[in-house]
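Please read it beside the sequence and the 3D view.

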Amino acid sequence: MFSRFLISSDRSGSGKTLITSGILRALSRKFKVRPFKAGPDFIDPGYLTKASKTPAINLDLWMMGENGVLKSLSKYSMGYDVAVIEGVMGLYDGVHTSFSSAQLSKVTSTPVILVMNCSNTSSTIGAIVKGLKEYENVDVRGVIFNKVGSDSHYGYCKESIPDGVEVLGRIPFNKELEVNSRHLGLLTVEDNHKVEQIIEKISKVVENNVDLDKLLEITRTSTIDFNYDEIDLETKKKIMAIAFDEGFSFYYKENLDLLKGSYNLVFFSPLENEEVTNADAIYLGGGYPELHLEVLESNSVTKKWLKRSSDRDIPILAECGGLMYLSENLIGERKYSMVGIYDIDIKVKDKLTIGYTTLKATRSVGKIKEGEIMNGHEFHVSSPVRVNEKEFVFTDVIGKGILNGKDGALVKNTLGTYSHFHFLNSGKKKTVVF
């Protein structure tokens with residue numbers, strides 16, 4: 001038996017992540033379950049990973065292409081009983097509908113289960129479900145109602161659902177079943193100390209109110225057969241140092257797996273003032289450095305090691321939060337001195353920048369060749385207020401970048417971008433600089 005389904009809705013804020021987490025935890029008690037997350041999200045996969053106790057894998061049509069998505073879904077579903085994909089925003093949201101959860105469902109032949117927020121509505125839910133199913137003929141097979149106030153409320157919602165869509169159950173309205181948010185979305189699992197309690201509670205609610213047997217029955221399908229390269233996990237000579245703590249945690253699981261093919265990965269914490277003195281390459285992902293400014297400023301061991309590594313031409317990739325950390329100053333209530341590789345000052349809280357990017361390389365660096373196109377995404381509220389860098393690797397065809405449509409500040413062999421990259425770019429392994 002193998003089941004695969006994609007959980008979506010009509011909009012963000014419907015409760016997808018929470019209910020997907022509850023389903024994952026409940027199913028994991030009986031089956032081997034692999035979670036996936038549609039889109040470029042870094043935060044929601046943490047909850048899916050926590051709920052299933054298996055690393056969640058991103059599937060992004062923009063950055064990975066159709067072949068890349070199929071490769072990853074095939075590879076990471078192998079050996080599992082159930083594959084659960086959490087959608088992004090509403091069913092048809094994205095860059096037009098071509099990179100939406102609806103399109104992901106079609107490309108991967110994955111049936112859709114809708115989570116519908118029923119607060120402040122009842123029978124109208126049926127019209128919305130019908131519209132979602134028929135708008136572009138998506139394979140919607142089931143629906144779960146969220147925030148249901150009473151038995152009669154549930155009855156009205158249930159009676160409105162069109163034929164061909166199975167009503168799988170309801171999640172009663174409960175103020176305790178909420179996850180707090182901040183400026184870039186939900187609290188990360190590293191910062192949400194109640195996450196285990198919340199996931200366990202929602203899993204019990206799901207078990208008592210959702211027909212999981214019916215869910216698996218209506219989503220039975222075959223696994224996707226796709227050729228892919230096995231990752232060589234033999235011990236390698238080279239060492240890659242990767243920043244990972246509450247300030248730097250935005251990494252795609254598949255990126256790390258791809259890097260394992262060439263490096264032994266050693267994790268270090270800027271917040272704990274750590275260094276990896278024998279590193280052959282360094283990767284600093286995004287996260288929330290703006291929440292730890294005083295600690296990052298005072299931790300001189302990590303700062304001096306990173307600056308020394310850059311001066312020695314060691315390859316360094318710094319994405320978004322990593323770029324911020326390698327800059328001269330971060331500006332919050334005052335100026336906080338950072339690593340100083342880049343002669344840039346960044347205001348840590350400004351307007352939200354979010355969206356996909358397309359970057360064209362204007363010069364060759366690392367594994368990127370001049371003229372090459374990379375797809376990525378931006379996700380930050382910080383903005384540069386002083387940029388004294390002259391050398392940039394990319395121009396933004398789509399996106400904002402660091403300065404005047406340029407991204408990829410380059411100092412020696414240190415590349416800093418506001419774009420985040422999936423290394424399986426357009427289905428081909430492209431690790432940018434490493």
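A residue counts as buried under 20% relative accessible area, as exposed over 50% and as partly exposed in between, with a 1.4 Å probe and protein chains only. By that rule six of the six residues of strand 1 (residues 3–8) are buried, so strand 1 is largely enclosed by the rest of the structure. Helices (H or I, at least four residues) and strands (E, at least two) are DSSP runs numbered from the N terminus.

The model is predicted: local features need pLDDT of at least 70 and side-chain atom pairs count only at pLDDT 80 or more, while totals for chains, interfaces and linings use all residues. Residues are numbered from 1 along each chain as its sequence is written, and side-chain values use heavy atoms, with hydrogens and water left out.

- Two strands pair if DSSP finds at least two bridges between them. Strand 1 pairs with strand 4 (residues 82–86) in the parallel sense, over five bridges.
- Within that pairing, Arg4 has Ala83 of strand 4 as its bridge partner.
- Strand 1 is also paired in the parallel sense with strand 5 (residues 112–117), over three bridges.
- Here Ser8 has Leu114 of strand 5 as its bridge partner.

**Strands 6 and 7**

- Strand 7 (residues 166–172) is mostly covered, with five of its seven residues buried.
- Six bridges link strand 7 to strand 6 (residues 140–148), and the two pair in the parallel sense.
- Val143 has Val167 of strand 7 as its bridge partner.

**Ser105**

- Ser105 sits in helix 4 (residues 101–107).
- The relative accessible area of Ser105 is 4%, so Ser105 is buried.
- Contact means heavy atoms within 4.5 Å. Apart from neighbours within four places in sequence, Ser105 is in contact with Leu6, Thr110, Val112 and Val138.
- Asp139 is 34 residues from Ser105 in sequence, and the two are 7.8 Å apart in space, C-alpha to C-alpha.

- An open sheet of ten strands runs in the order 12-10-13-15-24-23-22-19-20-25, with mixed pairing.
- Strand 12 (264–268) and strand 25 (420–421) are the edge strands, and each pairs on one side only.
- Strand 10 (residues 239–243) and strand 13 (residues 281–284) run parallel and are joined by three bridges. Ile242 stands opposite Tyr283 of strand 13.
- Strand 22 pairs with strand 23 in the antiparallel sense, over three bridges. Phe392 has Ala409 of strand 23 as its bridge partner.
- Strand 23 and strand 24 run antiparallel and are joined by three bridges. Leu410 has Leu415 of strand 24 as its bridge partner.
- Strand 23 and strand 24 form a hairpin with two residues between them, and Lys412 in the turn has a positive phi of about 55 degrees.

**Helices on the sheet**

- Axes are lines fitted to C-alpha atoms, for helices over the stretch in contact, and angles run from 0 to 180 degrees between N-to-C directions.
- Helix 3 (residues 61–77) lies across strand 19 (353–361), strand 20 (373–380), strand 22 (392–398) and strand 25, at about 135 degrees to strand 20.
- Helix 11 (residues 300–311) lies across strand 10, strand 12, strand 13, strand 15 (316–319), strand 23 (406–411) and strand 24 (414–417), at about 125 degrees to strand 13.

**Helix 1 against helix 7**

- Helix 1 (residues 16–28) packs with helix 7 (residues 195–209) at an angle of about 75 degrees, their axes 7 Å apart.
- Helix 1 contributes Leu18, Ile19, Ser21, Gly22, Ile23, Arg25 and Ala26 to the contact, and helix 7 contributes Glu196, Ile198, Ile199, Glu200, Ile202, Ser203, Val206 and Glu207.
- These contact residues divide into eight nonpolar, three polar and four charged; Ala, Val, Leu, Ile, Met, Phe, Trp, Tyr, Cys and Pro count as nonpolar, Asp, Glu, Lys and Arg as charged, and the others, Gly among them, as polar.

**Cysteines**

- A disulfide is a pair of cysteine sulfur atoms within 2.5 Å, and a search of the whole structure finds zero disulfides.
- The closest cysteine sulfur to that of Cys118 is in Cys157, at 3.7 Å, too far for a bond.
- Cys118, at 0% relative accessibility, counts as buried, and Cys320 counts as buried at 5%.
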